[in-house]
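Dear colleague,

Please find below the structure that I am handing over to you. The findings follow directly after it.

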Amino acid sequence: MAETQRFMHFLKVLQRRPDAQAVVSGSNDYPGIRGLVRFYQTAGGVLVAAEISGLPTSDRRCDSDIFAFHIHCGERCTGNREDPFANAREHYNPERCPHPAHAGDMPPLFASDGTAAQVFLTDRFTVREIIGKTVVIHDDVDDFTSQPSGNPGDKIACGEIRRTNCR
(Lines give C-alpha, C1' and ligand atoms only; values in the text may rest on other atoms or scores of the structure.)
Protein backbone atom coordinates (compact mmCIF):
# COMPACT_ATOMS: atom_id res chain seq x y z
CA MET A 1 0.00 0.00 0.00
CA ALA A 2 2.82 2.45 0.79
CA GLU A 3 4.23 2.02 -2.73
CA THR A 4 0.85 2.86 -4.25
CA GLN A 5 0.58 5.98 -2.09
CA ARG A 6 4.08 7.10 -3.11
CA PHE A 7 3.25 6.51 -6.76
CA MET A 8 0.03 8.52 -6.45
CA HIS A 9 1.99 11.29 -4.69
CA PHE A 10 4.44 11.47 -7.61
CA LEU A 11 1.57 11.60 -10.10
CA LYS A 12 0.18 14.60 -8.21
CA VAL A 13 3.61 16.26 -8.21
CA LEU A 14 3.78 15.90 -12.01
CA GLN A 15 0.47 17.77 -12.32
CA ARG A 16 1.81 20.93 -10.70
CA ARG A 17 4.07 23.53 -12.21
CA PRO A 18 7.71 22.39 -12.16
CA ASP A 19 10.21 24.25 -9.98
CA ALA A 20 12.63 24.46 -12.92
CA GLN A 21 12.81 23.32 -16.51
CA ALA A 22 15.11 23.17 -19.51
CA VAL A 23 13.92 23.68 -23.06
CA VAL A 24 16.09 21.33 -25.12
CA SER A 25 17.18 22.04 -28.70
CA GLY A 26 19.44 20.13 -31.04
CA SER A 27 22.72 21.27 -32.56
CA ASN A 28 22.98 22.43 -36.17
CA ASP A 29 23.63 18.79 -37.14
CA TYR A 30 20.47 17.68 -35.28
CA PRO A 31 18.03 20.60 -35.66
CA GLY A 32 14.96 18.39 -35.23
CA ILE A 33 15.70 17.54 -31.61
CA ARG A 34 13.27 19.32 -29.31
CA GLY A 35 12.07 18.69 -25.81
CA LEU A 36 11.44 19.71 -22.26
CA VAL A 37 13.01 18.50 -19.03
CA ARG A 38 11.07 19.42 -15.89
CA PHE A 39 12.42 19.37 -12.34
CA TYR A 40 10.14 19.05 -9.30
CA GLN A 41 11.54 19.36 -5.78
CA THR A 42 9.95 16.86 -3.38
CA ALA A 43 10.75 15.82 0.18
CA GLY A 44 12.32 12.62 -1.20
CA GLY A 45 14.47 14.24 -3.87
CA VAL A 46 14.01 15.75 -7.30
CA LEU A 47 11.50 14.22 -9.66
CA VAL A 48 12.84 14.64 -13.22
CA ALA A 49 10.48 14.33 -16.18
CA ALA A 50 11.92 14.41 -19.71
CA GLU A 51 10.11 14.43 -23.05
CA ILE A 52 12.37 14.57 -26.12
CA SER A 53 11.55 14.16 -29.82
CA GLY A 54 13.58 14.22 -33.02
CA LEU A 55 16.37 12.00 -31.73
CA PRO A 56 18.40 10.24 -34.46
CA THR A 57 17.12 6.84 -35.52
CA SER A 58 18.76 3.96 -37.32
CA ASP A 59 17.44 1.52 -39.90
CA ARG A 60 19.65 -1.22 -38.46
CA ARG A 61 17.90 -3.34 -35.85
CA CYS A 62 20.89 -3.79 -33.56
CA ASP A 63 21.90 -0.13 -33.44
CA SER A 64 21.31 1.52 -30.13
CA ASP A 65 18.64 4.17 -29.74
CA ILE A 66 20.00 4.90 -26.27
CA PHE A 67 21.41 8.35 -25.53
CA ALA A 68 23.54 9.55 -22.62
CA PHE A 69 21.72 12.20 -20.59
CA HIS A 70 23.51 14.44 -18.10
CA ILE A 71 23.44 17.71 -16.22
CA HIS A 72 26.54 19.72 -17.06
CA CYS A 73 28.02 22.50 -14.93
CA GLY A 74 28.13 25.17 -17.65
CA GLU A 75 25.50 27.88 -17.87
CA ARG A 76 25.04 28.19 -21.63
CA CYS A 77 24.19 25.99 -24.60
CA THR A 78 26.64 27.75 -26.88
CA GLY A 79 29.97 26.74 -28.30
CA ASN A 80 31.95 26.52 -31.52
CA ARG A 81 32.00 24.61 -34.79
CA GLU A 82 33.75 21.56 -33.32
CA ASP A 83 31.59 21.46 -30.18
CA PRO A 84 28.33 23.42 -30.54
CA PHE A 85 27.68 23.11 -26.79
CA ALA A 86 31.24 23.60 -25.50
CA ASN A 87 30.03 26.16 -22.94
CA ALA A 88 27.87 23.49 -21.28
CA ARG A 89 31.27 22.28 -20.03
CA GLU A 90 31.69 18.99 -18.14
CA HIS A 91 29.33 16.92 -16.00
CA TYR A 92 27.97 18.56 -12.89
CA ASN A 93 30.11 16.99 -10.17
CA PRO A 94 30.42 19.20 -7.06
CA GLU A 95 31.67 16.33 -4.86
CA ARG A 96 34.35 15.31 -7.41
CA CYS A 97 33.09 11.73 -7.51
CA PRO A 98 34.22 9.21 -10.13
CA HIS A 99 31.84 8.52 -13.01
CA PRO A 100 29.00 7.37 -12.82
CA ALA A 101 28.54 8.86 -9.35
CA HIS A 102 28.57 12.49 -10.55
CA ALA A 103 25.57 14.44 -9.29
CA GLY A 104 24.75 15.17 -12.94
CA ASP A 105 24.80 11.55 -14.13
CA MET A 106 21.23 10.62 -15.04
CA PRO A 107 19.65 7.49 -16.53
CA PRO A 108 20.03 7.26 -20.30
CA LEU A 109 17.22 8.15 -22.66
CA PHE A 110 15.73 5.11 -24.42
CA ALA A 111 14.21 6.31 -27.69
CA SER A 112 11.40 4.76 -29.66
CA ASP A 113 11.28 5.99 -33.25
CA GLY A 114 13.12 9.17 -32.23
CA THR A 115 11.06 9.94 -29.13
CA ALA A 116 12.06 9.44 -25.50
CA ALA A 117 10.14 10.01 -22.30
CA GLN A 118 11.14 9.19 -18.77
CA VAL A 119 10.44 10.10 -15.17
CA PHE A 120 12.80 9.32 -12.29
CA LEU A 121 13.57 10.40 -8.75
CA THR A 122 17.07 11.39 -7.63
CA ASP A 123 18.63 12.69 -4.45
CA ARG A 124 21.95 13.59 -6.11
CA PHE A 125 21.00 17.28 -6.33
CA THR A 126 18.30 19.74 -5.38
CA VAL A 127 16.50 21.98 -7.83
CA ARG A 128 18.17 25.00 -6.23
CA GLU A 129 21.64 23.51 -6.96
CA ILE A 130 21.02 23.00 -10.67
CA ILE A 131 19.39 26.33 -11.57
CA GLY A 132 21.68 27.89 -14.17
CA LYS A 133 23.24 24.56 -15.22
CA THR A 134 22.60 22.74 -18.49
CA VAL A 135 21.03 19.45 -19.56
CA VAL A 136 22.90 17.67 -22.36
CA ILE A 137 21.99 14.75 -24.62
CA HIS A 138 24.88 12.88 -26.24
CA ASP A 139 24.86 10.83 -29.45
CA ASP A 140 25.97 7.59 -27.81
CA VAL A 141 25.16 5.50 -24.78
CA ASP A 142 27.04 6.17 -21.54
CA ASP A 143 29.19 3.12 -20.71
CA PHE A 144 29.02 3.89 -16.95
CA THR A 145 32.69 2.96 -16.63
CA SER A 146 35.09 5.17 -18.61
CA GLN A 147 36.54 8.15 -16.79
CA PRO A 148 35.87 10.95 -16.56
CA SER A 149 32.47 10.92 -18.27
CA GLY A 150 31.43 7.48 -19.57
CA ASN A 151 32.51 7.98 -23.20
CA PRO A 152 29.05 9.30 -24.19
CA GLY A 153 29.95 10.69 -27.60
CA ASP A 154 29.26 14.14 -28.97
CA LYS A 155 26.79 16.61 -27.48
CA ILE A 156 23.79 16.70 -29.82
CA ALA A 157 21.23 18.67 -27.79
CA CYS A 158 21.23 21.03 -24.85
CA GLY A 159 18.90 23.03 -22.62
CA GLU A 160 19.54 25.67 -19.96
CA ILE A 161 17.90 24.96 -16.60
CA ARG A 162 15.78 27.91 -15.49
CA ARG A 163 13.54 28.51 -12.48
CA THR A 164 9.80 28.45 -13.22
CA ASN A 165 8.40 29.28 -9.77
CA CYS A 166 9.07 32.25 -7.55
CA ARG A 167 10.29 31.13 -4.12
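Two strands are said to pair if DSSP finds at least two bridges between them; strands (E, at least two residues) are DSSP runs, numbered from the N terminus. The model is predicted, so local features need pLDDT of at least 70 and side-chain atom pairs count only at pLDDT 80 or more, while totals for chains, interfaces and linings use all residues. Residues are numbered from 1 along each chain as its sequence is written, and side-chain values use heavy atoms, without hydrogens and water.

The sheet is open and has 7 strands in the order β5-β8-β9-β1-β2-β3-β7, with antiparallel pairing. Because β5 (69-72) and β7 stand at the edges with a single partner strand each, one side of each has no neighbour in the sheet. From one strand to the next, the twist averages 20° (axes are lines fitted to C-alpha atoms, and angles run from 0 to 180 degrees between N-to-C directions).

Strand β2 (residues 34-42) runs antiparallel to β3 and is joined to it by 9 bridges; Leu36 has Glu51 in β3 as its bridge partner. Between β3 (residues 45-53) and β7, also antiparallel, there are 7 bridges, and Leu47 is partnered by Leu121 of β7.

In a regular strand the side chains alternate between the two faces of the sheet. In β7 (residues 116-122), Ala116, Gln118, Phe120 and Thr122 form the covered face, whereas Ala117, Val119 and Leu121 form the uncovered one.

Yours sincerely

Definitions and conventions. Buried < 20%, exposed > 50% of the residue type's maximum accessible area, 1.4 Å probe, protein only. Helix = DSSP H or I, 4+ residues; strand = E, 2+ residues; numbered from the N terminus.
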